[in-house]
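Let us walk through this structure together, one piece at a time. Please have the sequence and the 3D view open as you read.

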Amino acid sequence: MKQIFLLPGQWAVPHEPSELTTILGPCVAVCLFDRARTMGGMNHFLLAVGGSSRDRSRYGDTSCEDLVQCFFASGSRPADLEARIVGGANVGRLSVPEGESLGERNAEMARSVLRRHGITVGFEDTGGPNARRLRFRSGIGVLEVKTIDGATSSIATIAAGPEARTATR
């Protein structure tokens, strides 16, 4: 299986089943999976808004839109798509008013773009103080999230479809 590591400001929708991985702090990743076409993709963005034509993948408003439009251009329909939103941690900060952290703004931007297109969010693991490592298998829609807190970690495995609404930790 092809392995693709996404750096901040990148996204991918591979033509073949692949394992997409990344590490997130306040950045957010959106994993999209088309259940009908068994294809998936993922982005990794740094800031909620501000995309220009040159660096649009670094910003949630444009990166999420581009990811969604790539699926639509491939023939996906909103009813067949399911999203997972991961990241948005408040790493290293003890006290930030609710809704004001960089990570919270990033996660809300992802929700906003997906909601605008009528795409269901089947799983979300956002916020908190810890970074996350994730692995998304694009051909079967399985996402594994490992929370990194320096002492312990947890893994959530989310399958596509109805099972995606529950996670084990």
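Predicted model: local features only at pLDDT ≥ 70, side-chain atom pairs only at ≥ 80, totals over all residues.

Residues are numbered from 1 along each chain as its sequence is written, and side-chain values use heavy atoms, with hydrogens and water left out.

The strands E4 and E6 run antiparallel and are joined by seven bridges. Here helices (H or I, at least four residues) and strands (E, at least two) are DSSP runs, numbered from the N terminus. Two strands pair if DSSP finds at least two bridges between them. On to the next pair: E6 and E7 pair in the parallel sense, over six bridges. Along this pairing, glutamate 82 stands opposite threonine 120 in E7, and the bridge partner of valine 86 in E7 is aspartate 125.

Where do these strands belong? They are part of an open sheet of five strands, in the order E2-E5-E4-E6-E7, with mixed pairing. Its edge strands are E2 (10–12) and E7, each of which pairs on one side only. On average, neighbouring strands of the sheet are turned by 10° against each other, direction ignored. For such angles, axes are lines fitted to C-alpha atoms, for helices over the stretch in contact, and angles run from 0 to 180 degrees between N-to-C directions. Seven of the seven residues of E6 are buried, so this strand is largely enclosed by the rest of the structure. Buried means under 20% relative accessible area, exposed over 50%, and partly exposed in between (1.4 Å probe, protein chains only).

Now for the helices. H1 packs on the sheet and touches E2, E4, E5 (39–44) and E6, with its direction at about 165° to that of E5. Contact means heavy atoms within 4.5 Å. H2 lies across E4, E6 and E7, running at about 25° to E4.

Let us look at H2 (residues 102–116) in more detail. This helix has 15 residues and reaches 21 Å from its first C-alpha to its last, close to the 21 Å expected at 1.5 Å a residue; the expected span is 1.5 Å times one less than the number of residues. Which residues of H2 are buried? They are Gly103, Asn106, Ala107, Met109, Ala110, Val113 and Leu114. These residues cover an arc of only 155° around the axis, which puts them on the same side of H2; the arc is that of the directions from the helix axis to the C-beta atoms. They pack against E4 (28–34), H1 (60–73), E6 (81–87) and E7 (120–126). The face turned away from the buried side carries the exposed residues Arg115 and Arg116. H2 is followed by glycine 118, whose phi is positive, near 70°.

One loop deserves a stop as well. Serine 57 is found between E5 and H1 and is buried, with a relative accessible area of 16%. Not counting residues up to four places away in sequence, serine 57 touches Gly9, Gln10, Trp11, His44, Phe45 and Ser63.

Finally, step back to the whole chain. It has two helices and ten strands, following the pattern β-β-β-β-β-α-β-α-β-β-β-β along the sequence. Of its 169 residues, 49% count as buried.
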